[in-house]
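Please keep the sequence and the three-dimensional view at hand while reading.

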Amino acid sequence: DAGITQSPRHKVTETGTPVTLRCHQTENHRYMYWYRQDPGHGLRLIHYSYGVKDTDKGEVSDGYSVSRSKTEDFLLTLESATSSQTSVYFCAISERAEGGGPYNEQFFGPGTRLTVL
Amino acid sequence: AQKITQTQPGMFVQEKEAVTLDCTYDTSDPSYGLFWYKQPSSGEMIFLIYQGSYDQQNATEGRYSLNFQKARKSANLVISASQLGDSAMYFCAMGYDYKLSFGAGTTVTVRA
């Protein structure tokens, strides 16, 4: 199994409070991702990183920010949580394909269940 | 964003039978990858199989095979000899620029 941990695994917070989720990897992979999973939507990309201090937005980035100061850690911050951000959040990692094939699979962390009251 | 469509919200299959999960995608890029992931009730995301857009042969991994029809832009997953442990949500995803775009998923329930 890929070495990916997420913390916390569960969190309940109130509307308007800041929240930071942490993703930690031991695989030294270049690419890291944050997704949210909601019923009927599958997984949707929030932000991703292609190196230390190199990040970019995904399709649902509004209300979220990220930081990556070390290869192994990728943080997702909700500056002021809203009820619409209640979701399950997954971190994933990936590495550049070797030889043929443009893509390697992404390996996922166990997820964080966030509830915003 | 790239669009992935899984038209079957839920399916039932008898144990030991095969099941086909549909996936269609929409892209104008010539280079992409297609993935299937399994999510059991415990919640983790498990990678099953990958097909590159330039691969000539359909991918296979044990009981999983990917029926790739490039002209039709479809990438159906076939699970042979279904087992009770195959009961899960299955997601099709398309990779582009080192990102993944997911479909909404199909829930498979295997009956004994």
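## Basis of the report

A salt bridge is a side-chain nitrogen of Lys or Arg within 4 Å of a carboxyl oxygen of Asp or Glu. The structure described here is a predicted model. Over all chains, the structure holds six salt bridges.

## A salt bridge in chain B

In chain B, the side chains of B:Asp26 and B:Lys73 form a salt bridge, with an N to O distance of 3.8 Å. B:Asp26 belongs to strand β4 (residues 24-26) and B:Lys73 to the loop between β8 (64-69) and β9 (74-79) of chain B, so this pair ties together parts that are 47 residues apart in sequence. B:Asp26 is partly exposed, with a relative accessible area of 45%. B:Lys73 is also partly exposed, at 28%.

## A salt-bridge network in chain A

In chain A, salt bridges that share partners join A:Arg22, A:Lys70 and A:Asp73 into one network. The side chains of A:Asp73 and A:Arg22 meet at 3.1 Å, N to O.

A:Arg22 is partly exposed, with a relative accessible area of 35%, and A:Lys70 is partly exposed at 41%.

## Strand β8 of chain A and its partners

Strand β8 (residues 73-78) of chain A has five of its six residues buried, so the strand is largely enclosed by the rest of the structure. Strand β3 (residues 19-25) of chain A is joined to β8(A) by six bridges, and the two run antiparallel. Within this pairing, A:Leu75 of β8(A) has A:Arg22 opposite it.

Strand β7 (residues 64-70) of chain A pairs with β8(A) over five bridges, again in the antiparallel sense. Here the residue that stands opposite A:Leu75 is A:Ser67. β7(A) and β8(A) form a hairpin, with two residues between them.

## A buried serine in chain A

A:Ser87 is located in strand β9 (residues 87-94) of chain A. Its relative accessible area is 6%, and A:Ser87 is therefore buried. The side chain of A:Ser87 makes a polar contact of 2.8 Å with the side chain of A:Asp38. Leaving aside residues up to four places away in sequence, A:Ser87 touches A:Arg36, A:Gln37, A:Asp38, A:Thr112, A:Arg113 and A:Leu114.

## A buried glutamine in chain B

B:Gln6 occupies the loop between β1 (3-5) and β2 of chain B. With a relative accessible area of 10%, B:Gln6 is buried. The side chain of B:Gln6 reaches the backbone oxygen of B:Tyr90 at 3.1 Å. A polar atom of the B:Gln6 side chain also lies 3.1 Å from the backbone nitrogen of B:Gly105. Residues that B:Gln6 touches, not counting those up to four places away in sequence, include B:Asp22, B:Trp36, B:Cys92 and B:Thr106.

## Strand β2 of chain B

In a regular strand the side chains alternate between the two faces of the sheet. Strand β2 (residues 10-14) of chain B has a covered face made up of B:Met11 and B:Val13, while B:Gly10, B:Phe12 and B:Gln14 are on the uncovered face. β2(B) runs parallel to strand β12 (residues 106-111) of chain B, and five bridges join the two. In this pairing, B:Gln14 has B:Arg111 as its bridge partner in β12(B).

## The interface between the chains

The contact between the two chains takes 20 residues from chain B and 20 residues from chain A. The area buried between them is about 1800 Å², of which carbon and sulfur atoms give 60%. Across this interface there are zero salt bridges, and three residue pairs are in polar contact.

On the side of chain B that touches chain A, β5 (33-39), β6 (46-52), β10 (88-96) and β11 (99-102) each supply at least two residues. β5(B) gives the most, with four residues. By class, this side of chain B has 12 nonpolar, six polar and two charged residues.

Terms used. Residues are numbered from 1 along each chain as its sequence is written. Chains are lettered from A and ligands numbered from 1 in the order in which they are written. This is a predicted model: local features need pLDDT of at least 70, side-chain atom pairs count only at pLDDT 80 or more; totals for chains, interfaces and linings use all residues. Side-chain values use heavy atoms; hydrogens and water are left out. Buried means under 20% relative accessible area, exposed over 50%, partly exposed in between (1.4 Å probe, protein chains only). Two strands pair if DSSP finds at least two bridges between them. Contact means heavy atoms within 4.5 Å. Buried area is the accessible area (1.4 Å probe) that two parts lose on being put together, summed over both. A polar contact is a pair of N or O atoms within 3.5 Å; within protein, one must be able to donate a hydrogen and the other to accept it, and residues adjacent in sequence count only if both atoms are side-chain atoms. Ala, Val, Leu, Ile, Met, Phe, Trp, Tyr, Cys and Pro count as nonpolar, Asp, Glu, Lys and Arg as charged, and the others, Gly among them, as polar.
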